[in-house]
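Welcome, and please have a look at the structure shown below. The notes that follow walk through a sheet and then a DNA surface.

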Number of protein chains: 2
Amino acid sequence: MDRFLSSAVNRIDQKGRVSVPAHFRAVLAKRGEGELYALRALDMPALDVGGLDLLDRYEQRIAQEDPFAQTADDMSFFCHGDGAFLKLDGDGRITMTDFMREHTGIEGEVAFVGRGPFFQMWEPRRFQAYREEARARLSRLRNQPGTTAFIRGPE
Amino acid sequence: MDRFLSSAVNRIDQKGRVSVPAHFRAVLAKRGEGELYALRALDMPALDVGGLDLLDRYEQRIAQEDPFAQTADDMSFFCHGDGAFLKLDGDGRITMTDFMREHTGIEGEVAFVGRGPFFQMWEPRRFQAYREEARARLSRLRNQPGTTAFIRGPE
DNA sequence: CTTCGTCCCGTTGACGCCCATGAGTGCCCA
DNA sequence: TGGGCACTCATGGGCGTCAACGGGACGAAG
């Protein structure tokens with residue numbers, strides 16, 4: 001498996017460390033990503049986490065912009081200045097920093113949520129709430145006329 | 001890693017010195033840049049800092065302008081005359097000068113902000129404010145119709 | 001003689017690296 | 001089919017190292 005799937009909640013210990021789910025670490029290893037990079041997601045209180053390929057993707061996008069226009073600068077500010085390295089220790093744990101807590105509201109526990117090519121870190125309750133909202137939106141979409149058949153499910 | 005990433009806040013001591021984050025120093029060493037060059041950023045109260053390759057970036061921009069226009073001359077004046085060398089001491093610290101304080105409003109602490117090929121120095125609160133503005137602009141961009149898919153999340 | 005800049009050293013707190021524990025799970029064999 | 005064994009993984013804690021920080025000593029310049 002080469003994608004980040006499913007979710008799990010892990011506890012933060014007194015030293016501020018939390019285990020990255022073993023399954024996620026296996027995906028990283030398979031991809032040859034030794035380092036983790038985390039970004040503060042734009043419109044939700046979560047962190048987007050992945051290997052350095054996560055960063056490459058954004059930088060390619062920035063390269064398309066006029067390097068002296070404000071948009072390019074904002075993008076750089078976001079992906080370079082609003083990101084952080086997460087170092088895995090020998091036991092597959094990372095250390096929570098204030099940088100991460102501020103944006104997410106994470107305190108004692110972290111929800112790791114697979115998102116395919118990357119994963120997210122959430123405060124468990126907020127994740128729960130956001131998941132309900134997302135489901136509700138999709139459900140509404142499904143019951144509207146003229147929409148595609150996405151999420152009709154196997155009937 | 002060969003790019004300046006993430007951010008950190010360090011304190012200025014009584015002698016006016018401040019540590020450049022070890023991670024940034026490692027990047028400089030990797031690039032073989034022995035000297036630091038600082039410029040007052042154009043549209044924000046920050047310093048752009050990097051090796052001498054930083055100048056290339058600005059000279060490239062000047063080259064885009066009409067050499068007979070006032071603009072080009074202003075830019076040259078700005079980037080060649082309004083820069084300063086920063087000397088690293090044995091412990092990886094630099095000394096804050098009035099040149100740096102004036103433009104940035106830095107007093108007791110400095111936020112070092114990775115920007116990819118260079119990094120910036122900010123007064124921490126102003127950095128925080130500017131970061132929020134940039135995020136808001138990107139968020140607006142993202143939610144506008146007809147825009148590209150930047151920051152939709154790496155799918 | 002004073003002041004400023006540079007070099008050097010000591011302290012402290014955070015972080016990386018190590019090992020121990022314990023719960024849960026799958027597997028094997030009786 | 002049930003019991004037990006081995007393994008994996010999350011979690012806790014000890015300890016050494018290093019970076020950030022503070023301050024003193026020395027030398028050059030005013």
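This is a predicted model: local features need pLDDT of at least 70, side-chain atom pairs count only at pLDDT 80 or more; totals for chains, interfaces and linings use all residues.

Chain B holds an open sheet of six strands, paired in the antiparallel sense and ordered 1-7-8-4-3-5. Strand 1 and strand 5 (83-86) stand at the edges of this sheet with a single partner strand each, so one side of each has no neighbour in the sheet. On average, and with direction ignored, neighbouring strands are turned by 25 degrees against each other.

Strand 3 of chain B (residues 36-40) pairs with strand 5 of chain B over four bridges, in the antiparallel sense. Within this pairing, Ala84(B) is the bridge partner of Ala38(B), and Leu86(B) stands opposite Leu36(B).

A helix joins the picture here. Helix 2 of chain B (residues 53-64) lies across strand 3 and strand 4 (47-50) of chain B, and this helix runs at about 125 degrees to strand 4 of chain B.

## The surface near DNA strand D

Now to the DNA. There are 26 residues around DNA strand D, and Lys15(A), Arg17(A), Arg93(A), Lys15(B) and Arg17(B) come nearest. Sorted by class, this surface has 14 charged, six polar and six nonpolar residues. Both chains take part: strand 1 (7-11), strand 2 (17-19) and helix 1 (22-31) of chain A and of chain B each supply at least two residues of the surface.

Which part of the DNA faces the protein? Of the atoms of DNA strand D within 4 Å of the protein, 47% belong to sugar or phosphate, and the rest belong to bases.

| Residue | Protein atom | Atom of DNA strand D | Distance |
|---|---|---|---|
| Ala22(A) | polar backbone atom | phosphate oxygen | 3.2 Å |
| Ala22(B) | backbone N or O atom | phosphate oxygen | 3.1 Å |
| Lys15(B) | polar side-chain atom | base oxygen | 2.3 Å |

Note on methods. Residues are numbered from 1 along each chain as its sequence is written. Chains are lettered from A and ligands numbered from 1 in the order in which they are written. Side-chain values use heavy atoms; hydrogens and water are left out. A residue is near a molecule or strand if one of its heavy atoms lies within 4 Å of it. A polar contact is a pair of N or O atoms within 3.5 Å; within protein, one must be able to donate a hydrogen and the other to accept it, and residues adjacent in sequence count only if both atoms are side-chain atoms. Ala, Val, Leu, Ile, Met, Phe, Trp, Tyr, Cys and Pro count as nonpolar, Asp, Glu, Lys and Arg as charged, and the others, Gly among them, as polar. Two strands pair if DSSP finds at least two bridges between them. Axes are lines fitted to C-alpha atoms, for helices over the stretch in contact, and angles run from 0 to 180 degrees between N-to-C directions. Contact means heavy atoms within 4.5 Å.
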